[in-house]
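Dear colleague,

Please find the structure below, together with its sequence. My notes on what was found in it follow directly after.

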Amino acid sequence: VTRGPVTFLSDYGLEDEFVGIVHLVIARRAPDVAVIDLTHQIPAHDVRAGALTLWRAAPWLTQGVILAVVDPGVGTGRRAVAVEVAGAGTVLVGPDNGLLLPAASSLGPLTGAVELPPRHTGGATFAGRDVFAPAAAELALGAEFSRLGPAIDPGTLEGRPVPEPTGGQDGSLYAEVLWVDRFGNAQLNARPADVDHLGRIVDLQAGSFAGPARRVAAYGELDAGEVGLVTDSYGLLSVSSRAASAAARLGLRPGDRIMIGPAGATTLG
Amino acid sequence: VTRGPVTFLSDYGLEDEFVGIVHLVIARRAPDVAVIDLTHQIPAHDVRAGALTLWRAAPWLTQGVILAVVDPGVGTGRRAVAVEVAGAGTVLVGPDNGLLLPAASSLGPLTGAVELPPRHTGGATFAGRDVFAPAAAELALGAEFSRLGPAIDPGTLEGRPVPEPTGGQDGSLYAEVLWVDRFGNAQLNARPADVDHLGRIVDLQAGSFAGPARRVAAYGELDAGEVGLVTDSYGLLSVSSRAASAAARLGLRPGDRIMIGPAGATTLG
Amino acid sequence: VTRGPVTFLSDYGLEDEFVGIVHLVIARRAPDVAVIDLTHQIPAHDVRAGALTLWRAAPWLTQGVILAVVDPGVGTGRRAVAVEVAGAGTVLVGPDNGLLLPAASSLGPLTGAVELPPRHTGGATFAGRDVFAPAAAELALGAEFSRLGPAIDPGTLEGRPVPEPTGGQDGSLYAEVLWVDRFGNAQLNARPADVDHLGRIVDLQAGSFAGPARRVAAYGELDAGEVGLVTDSYGLLSVSSRAASAAARLGLRPGDRIMIGPAGATTLG
């Protein structure tokens, strides 16, 4: 039985023909398989950004094959892999550099992994075209997972799931900025349930900001100039301000740590 | 019976994964339905530009579902709607903010409209993903229009058809700039038949230009530096000049009014 | 029998709705035919760049229809054509301006060509929408080639295959820069076999560079600052340097001639 569509993410951009050639390779082998472009504008070689984009999109991924290529280590010793997530009926194909693990882990337990053999073309490697796309096409057509290459231990795969926020002794939560979207919202690795015990007003330390902040349900509930915590459309908390970039104002970037604590805990000045 | 492909226009851009996630939502519900991207580069929140792009494309829209999302009012009280155009067998899905009406009106009489119920996700709204894409997928699969939500009066929908040009007493025509394309042609809401009674030379008042102008069949027939009226590939008149941006030279922008009158009517100086 | 997918390349860009409208025209006539976008970011009116992109992609083109539109001469006397390559079961559709010939020639002998009749719309021409896309759709559906228009002699088609490098008397090779990719690699019209007789160290004259250069298998084998010859992922030689733009350093642009000669032949001033 076929596994269904291929969802394709990369840092190839749309200037050149690279995305088109990967589509051609899949179409030649699997002409009836749909290929859905998630995005190809991941910043070049930014494995973390690609991994988090895939992780955010995971709830909407249909059963099928996920082809992901952000691959600064192409031509070095990094492995090319396919990873099976049994619970979700999903297979992920890409470089073993941490790109796949956050999405894979969030879809269910990893029940298998194989190393894809290299294909020598006599020149520089276009692994998306020569290694990953053919494997994705075969998997979409229903190829047995184990036929793609030698089995490897899923425990040896690079990367880690998206880290959970950690709690402090007074009920504080230490979280991490995952993404700054184009509106300047700083998405955190924390959900509303993680801070519900703190009430509607919390103390927030985030970049250059330290002080009380409100939790609100929508961006529009913030006052002009106010910094607050909003639940974004992915169900995650974000540090936001209304009609302005909170990230730019506070100097927040992906990877930064922030603290959400009980109101009154922060001493100003 | 299925309604056929979904044609998808938005202001999401291609930097982020938003377009890809809408495709995933449709693919999960309607895996055999084709999704055709019209464009996703409508300027952010520019409802007028989105509405006119859809209207220009209307003659080439196949029978099917049109999914359009340019939605500055998301999270406010604006309605989410689906609109049925009986004559053309076409359904349009999107926010009720004027985005749909020009294209819908040009396709035939509006024979029905429903309000799509909101879907509460507990956080900020990604209406394209949570409201509009599921509705578009169900309609593409052949869902009965009336099952999507409570019927509303099509006469209460926001927006208006693209305005017709108006005539003056001496045979003059007052028209509006709809669009400035990337070559600087200023497309008007007027067709050749609207000015045929004025002959091949007309008086034109458009931005900083006032004087006689020729009507020609192709951009190449204009002399260097000449401003003229060309019938563009949409069958509409445009104020153009050869190998230069007429809009930039004359200071024309979408929404500007221009006048086309009988030759000799304009008094210079 | 159907001919399979349509692969579509153009210089339309993605800002406007032009690519989407061509997709709509094909979908209306051939709803079950897949359309694969190779790229639409060919620099505007750059026929040479479009022709070479198509030629590079040729080995991955499936049997089917290639629709290519880079058409600075639209509205002038240039012919619209379809070209049949019998050996590969491939048909190319586009303007007769040299865009199609390099890819077509590389796919096999040209066994037929027809001129597509113009379609008069009463205004400026959108040939991609009105002439080329309908022809591509009919061919994808299996229309007999000869029914599309009057036969023309393939020998009269504009353009020429990608030129072969030429050899000098001492074993030197004179080659041409075909493409500078986004990493600054200057792709040549030469393959490894063309210079294997010269050994691993050659003399290279390329832009501002004149001196000995190594041939290596991967970009990473070059030392910092070193200029060398790498076999790229298309199997072609490129003038490259590590983690820097060789083209920018040496002032190389598409169309430039370079020389690869026996080591020691170059006399440095």
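A salt bridge is taken here as a side-chain nitrogen of Lys or Arg within 4 Å of a carboxyl oxygen of Asp or Glu. This is a predicted model, in which local features need pLDDT of at least 70 and side-chain atom pairs count only at pLDDT 80 or more, whereas totals for chains, interfaces and linings use all residues. Residues are numbered from 1 along each chain as its sequence is written, chains are lettered from A and ligands numbered from 1 in the order in which they are written, and side-chain values use heavy atoms, with hydrogens and water left out.

I begin with the contact of chain A and chain C. Two salt bridges are counted between chain A and chain C, and in one that joins A:E17 to C:R56 the side chains meet at 2.9 Å, N to O. On the side of chain A that touches chain C, helix α1 (residues 18–29) of chain A gives the most, with eight residues; helices (H or I, at least four residues) and strands (E, at least two) are DSSP runs, numbered from the N terminus. That side of chain A divides into nine nonpolar, six polar and six charged residues, where Ala, Val, Leu, Ile, Met, Phe, Trp, Tyr, Cys and Pro count as nonpolar, Asp, Glu, Lys and Arg as charged, and the others, Gly among them, as polar. With contact meaning heavy atoms within 4.5 Å, 21 residues from chain A and 22 residues from chain C take part. The area buried between chain A and chain C is about 1900 Å², with carbon and sulfur atoms giving 59% of that area; buried area is the accessible area (1.4 Å probe) that two parts lose on being put together, summed over both.

As for the relation between copies, chain B is superposed on chain A by a rotation of 120 degrees with 0.0 Å of shift along its axis (RMSD 0.0 Å). The two copies are thus related as by a three-fold rotation axis, the superposition being by least squares on the C-alpha atoms of residues with pLDDT of at least 70 in both. Only 5% of the interface residues of chain B are also interface residues in chain A, so the copies meet through different surfaces.

Some local points remain. C:D16 lies in the loop between β1 (6–10) and α1 (18–29) of chain C, and with a relative accessible area of 12% C:D16 is buried, a term that means under 20% relative accessible area, with exposed over 50% and partly exposed in between (1.4 Å probe, protein chains only). Not counting residues up to four places away in sequence, C:D16 touches B:L38, B:T39, B:W179 and B:R182. In chain A, nine of the eleven residues of helix α2 (residues 47–57) are buried, so this helix is largely enclosed by the rest of the structure; among the buried residues are A:L52, A:W55 and A:R56. B:G94, in strand β5 (residues 90–95) of chain B, counts as buried at 0% relative accessibility.

With best regards
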